[in-house]
Amino acid sequence: MDTLLRVDTADSGSYLLAIEMQRRRDPDKLNSWTCYLAHLYAKYELPPVLLVVCQDKSTASWAAEPIRIGPSTHTSIAVFPLVLGPDNLPAIIDPDEAAQDLGLSVFSALTHA
C-alpha cells in the first residue's frame with residue numbers, strides 16, 4: 001500500500017486508513033488488497049478501511065467492485081474498497097475553496113492530475 005494512517009475519531013473510535021493509488025486495472029491487486037487488510041487487522045487490532053485513489057473512471061469502476069473470497073455458497077472474506085475518482089470527487093481549482101479543506105483538496109488534485 002502507498003500510505004497507512006491511523007484515524008482517531010471522537011464518535012467512532014480508531015481505524016486504519018490504507019491508501020492505494022491505482023493508475024490502471026491490475027488483477028493482482030485484488031489479492032494484495034485482501035492480504036493488506038487481513039494483515040493490518042491482525043497486527044493492529046483496528047478495523048482497516050481501504051481507500052483506492054484513481055485518475056480515470058474505468059479504473060475507479062473496476063476498483064470499486066467487491067472482492068469476495070470463498071466458495072459460491074459461502075463468502076469467508078469480503079472487501080468493499082472505498083474508491084475516489086474523477087467521477088465522484090469534484091475538481092477543486094479555486095485556492096480559497098482548497099484552503100477550506102486541505103485533505104479533500106489533495107485527493108481532488110490526485111484524482112484530476
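Starting with my strand rule: two strands pair if DSSP finds at least two bridges between them, and strands (E, at least two residues) and helices (H or I, at least four) are DSSP runs numbered from the N terminus. I'm working on a predicted model, where local features need pLDDT of at least 70, side-chain atom pairs count only at pLDDT 80 or more, and totals for chains, interfaces and linings use all residues. Residues are numbered from 1 along each chain as its sequence is written, and side-chain values use heavy atoms, leaving out hydrogens and water.

**Sheet.** I looked up Met21 and found Val53 in S3 as its bridge partner. S2 (residues 13-22) and S3 (residues 48-54) run parallel, with seven bridges between them. H1 packs on the sheet and touches S1, S2 and S3, contact being heavy atoms within 4.5 Å. I get about 155° between the directions of H1 and S2, using lines fitted to C-alpha atoms (for helices over the stretch in contact) and angles from 0 to 180 degrees between N-to-C directions. The open sheet has four strands, ordered S1-S2-S3-S6, with mixed pairing.

**Salt bridges.** I counted two, taking a side-chain nitrogen of Lys or Arg within 4 Å of a carboxyl oxygen of Asp or Glu. Arg6 meets Asp8 at 2.9 Å between the closest N and O atoms, and both residues are exposed (over 50% relative accessible area; buried is under 20%, partly exposed in between; 1.4 Å probe, protein chains only). Lys29 and Glu20 pair at 2.5 Å, N to O. Lys29 is buried because its relative accessible area is 18%, and Glu20 also counts as buried, at 2%.
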